[in-house]
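Try each task before you read its solution.

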Amino acid sequence: MSRRVRLMLFAVAAAGLAATLGVGLAGLPSFGAQITDYARMLNEMAPRQRHVTDVVSAITFDYRGIDTLFEEFILLAAVAGISVLLRPLSDEIRQLPRDKAPERSIPPPSPAVWLLAAFLSSLLVLTGLETVTHGTLTPGGGFQGGVILASALYVVYLGTNYVTVERFQPDALLEASDGVGASGYILIGLLGLLAGAHFLSNVVGLGATGSPISGGTIPLLNLVVGAEVAGGFAILASEFLDQTAVIRTRRR
Amino acid sequence: MSALAYGVVAWLFVIGIYGVVTSRNLIHLVVCLSVAQSATDILLLEIGYRSGGHAPVFVSLPAHPGPAVDAVMQALALTDVVVGAAVTALLLALAVQVHKRAGTLDPDALRATRD
């Protein structure tokens with residue numbers, strides 16, 4: 001199919017799409033006028049019923065907890081898929097690059113970069129943990145905090161040399177964090193069944209509204225999701241960096 | 001106001017798909033798909049918006065008079081972002097392997113290398 005034919009086909013399809021989208025969007029309530037009764041009800045009920053102040057967290061991890069279970073497993077499946085796609089293929093080997101010209105002097109990395117990376121990454125770990133643990137109180141939670149935690153590792157890559165990090169990187173720990181996080185969600189869901197209620201029922205003590213330990217299973221689920229996302233995103237970065245730094249075509 | 005708000009969604013979606021159709025580079029194609037996908041985020045947040053509304057976080061109630069916006073839509077937007085990130089990462093991994101096998105990232109050139 002030439003580009004011309006493809007563009008013409010797209011024009012026809014886009015016209016149909018635009019018409020359908022237009023009809024659909026025109027049928028929506030006007031912007032900013034109202035929210036659904038369901039949302040208004042949850043906004044009023046969630047703080048009293050679940051002792052949380054961030055209603056988004058209560059919806060994500062409690063009222064619609066099953067959705068989030070599947071969402072977490074989509075992420076797990078994607079990380080597993082990428083690990084499979086980016087493995088060393090039959091004509092490739094894993095080999096740390098060697099210095100081919102040892103007599104040539106390489107300027108040492110600036111201590112300022114080291115210092116900045118150490119400072120930034122510790123700050124990111126702190127922010128990540130804060131975001132994960134305060135998901136029930138303020139905006140944030142496991143998904144957001146997990147990404148921030150993983151980005152602490154990215155800063156270490158930037159501030160140092162990836163090949164050096166690759167030698168000490170706790171791959172097993174990252175993979176365990178990813179897997180334990182995913183299975184932890186199911187285990188916490190099973191607590192509900194053990195207590196004689198439904199799967200993922202909020203059966204743990206709710207605590208006082210506004211205290212860091214409140215909301216029953218919601219902060220626990222935030223913790224396991226945080227572990228899963230942090231491990232998953234760290235694995236992602238190392239898989240992609242391995243492609244340029246460690247995986248080589250085997251010489252024939 | 002409605003026309004502008006929903007027009008942005010339609011424009012972002014269609015321009016993203018246009019980029020996918022005409023792309024000459026797989027990385028560019030993945031970015032275009034992200035643009036189209038971001039239209040759904042914006043649509044979700046717009047449906048949940050209420051004029052003068054505040055975030056659905058009730059930390060210190062007296063400081064936030066007035067209605068809260070729709071928290072359900074914000075939770076759905078979170079799901080959307082996570083799934084979008086997963087899809088983007090998976091497609092980029094595919095692009096890496098395509099480049100390794102075919103030596104090109106141009107989708108049109110790929111067809112020529114098949115036989």
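**Exercise 1.** How many residues does the contact take from chain A, and how many from chain B?

Solution. Start with the ground rules. This is a predicted model: local features need pLDDT of at least 70, side-chain atom pairs count only at pLDDT 80 or more, and totals for chains, interfaces and linings use all residues. Residues are numbered from 1 along each chain as its sequence is written, chains are lettered from A and ligands numbered from 1 in the order in which they are written, and side-chain values use heavy atoms, without hydrogens and water.

Now count. Contact means heavy atoms within 4.5 Å. Chain A gives 51 residues and chain B gives 48 residues.

**Exercise 2.** State the area that chain A and chain B bury between them.

Solution. Buried area is the accessible area (1.4 Å probe) that two parts lose on being put together, summed over both. Here the value is about 4300 Å², with 71% on carbon and sulfur atoms. In chain A, the residues that lose the most area to chain B are Arg3(A), Phe10(A) and Phe31(A), together 17% of what that side buries.

**Exercise 3.** Find the salt bridges across the interface of chain A and chain B.

Solution. Apply the rule: a side-chain nitrogen of Lys or Arg within 4 Å of a carboxyl oxygen of Asp or Glu. The rule finds four across this interface. One of them pairs Arg6(A) with Asp108(B). Their closest N and O atoms are 2.7 Å apart.
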